[in-house]
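Hi there,

Here is the structure I promised to pass on to you. Have a look at it first, and then read my notes below.

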Amino acid sequence: MKDKLVLENISKVYGEGETAVTALQEVSLRVKQGEFVAVMGPSGSGKSTFLSIAGALLTPSGGTIAIDGRDITNLSSKELHDVRIHDIGFVFQAANLVPYLHIWDQLLLVPRLAKNMGKQEEEKAKILLERLGLAHRMRHYPEHLSGGERQRVAIARAFMNDPAVILADEPTASLDSKRGREIVEMLAQEVKTRGKAAVMVTHDERVLDVCDRIVTIKDGVLYN
Ligand SMILES: Nc1ncnc2c1ncn2[C@@H]1O[C@H](COP(=O)(O)OP(=O)(O)OP(=O)(O)O)[C@@H](O)[C@H]1O
């Protein structure tokens, strides 16, 4: 299978001089199409920094990143913005839904932002909502959904732009263990069916068996 996400020798130093903090040291990771990798590690070990760099939200101090075979390391901020809109789907700890949009518009916001709106996109949204058991919630606003339902909307939204890479930052943090597991299972299933590469930062040991591979970050060093 093809490598969809490749990070090579990534380092990140925050600040300068005496106050400089090395958050990542020569971290490398390859994620293949259809592969779901969990990243674990203690607080402050560099997990968020790693995910932000993989998601083109933060530029590394050294090393290279490629998504779907394209090197994105030295792109301009406008180009990185486009990479985030077209090539990456994010699922955050809290679902981060837009409070004043119902679920249907929430999903269609993605193609609208990417200026890629059409009948096909509506069809895609419909299929995702059905697959994630949300079809009957289409016209509901986030405040009227349960925590698990909100996370499922966040998952559907992450897949809307058909990205090469899915990045999830503790997606089960606000859920009880049963709901948390359901969410990760759904995420894994979509990753497999659609041939995405996924990386999930988690503290939740109960969902690790759903992942294909577990890596650990300690003091900025990644252990495979
Ligand atoms: N913007 C920043 N400026 C300076 N130092 C930072 C910044 N962001 C993170 N750090 C430092 O970099 C290191 C790694 O932080 P990071 O947030 O990546 O860890 P983490 O593993 O995600 O932690 P947690 O599990 O608590 O979220 C920590 O020492 C942190 O204090």
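**What I found**

Alanine 173 is partly exposed, because 16 other C-beta atoms lie within 10 Å. For this label, a residue with 20 or more other C-beta atoms within 10 Å of its own is buried, one with 12 or fewer is exposed, and one in between is partly exposed, with C-beta atoms placed from the backbone. You will find alanine 173 in the loop between β7 and α6 (177-194). Helices (H or I, at least four residues) and strands (E, at least two) are DSSP runs, numbered from the N terminus. Alanine 173 and aspartate 204 are 31 residues apart in sequence, and 7.9 Å separates them in space, C-alpha to C-alpha.

Two things to keep in mind as you read. This is a predicted model, in which local features need pLDDT of at least 70 and side-chain atom pairs count only at pLDDT 80 or more, while totals for chains, interfaces and linings use all residues. Residues are numbered from 1 along each chain as its sequence is written.

**The sheet**

Six strands make an open sheet with mixed pairing, in the order β6-β7-β8-β3-β9-β10. Two strands pair if DSSP finds at least two bridges between them. At the edges are β6 (88-91) and β10 (221-223), each pairing on one side only. From one strand to the next, the twist averages 20°; axes here are lines fitted to C-alpha atoms, for helices over the stretch in contact, and angles run from 0 to 180 degrees between N-to-C directions.

Now walk along the sheet from β6. β6 and β7 are parallel, with four bridges, and isoleucine 88 has valine 165 of β7 as its bridge partner. Next, β7 and β8 pair in the parallel sense over five bridges. Leucine 167 is partnered there by valine 199 in β8, and alanine 168 stands opposite methionine 200 in β8. On the next step, β8 (residues 197-201) pairs with β3 (residues 36-40), again in the parallel sense, over four bridges. Here valine 37 stands opposite valine 199.

How many residues of β8 are buried? Five of the five are, so β8 is largely enclosed by the rest of the structure. Ala197, Val199 and Val201 are buried on one side of β8, and Ala198 and Met200 on the other. In a regular strand, side chains alternate between the two faces of the sheet. β7 has both faces covered as well, with Val165, Leu167 and Asp169 buried on one side and Ile166 and Ala168 on the other.

**The helices**

Helix α5 (residues 147-160) lies across β6 and β7 (165-169), and runs at about 170° to β6. In helix α3 (residues 103-113), the buried residues are Ile103, Gln106, Leu107, Val110 and Pro111. Seen down the axis of α3, these fall within an arc of 145°, so they line one face of the helix; the arc is that of the directions from the helix axis to the C-beta atoms. Their cover includes α4 (119-131) and α5, where contact means C-beta atoms, placed from the backbone, within 7 Å. Just after α3, lysine 115 takes a positive phi of about 50°.

**The ligand**

Residues around the ligand include Tyr14, Val21, Lys47 and Thr49, each with its C-beta atom, placed from the backbone, within 6 Å of it. α1 gives the most to this shell, with three residues.

Enjoy exploring!

Terms used
Contact = placed C-beta atoms within 7 Å.
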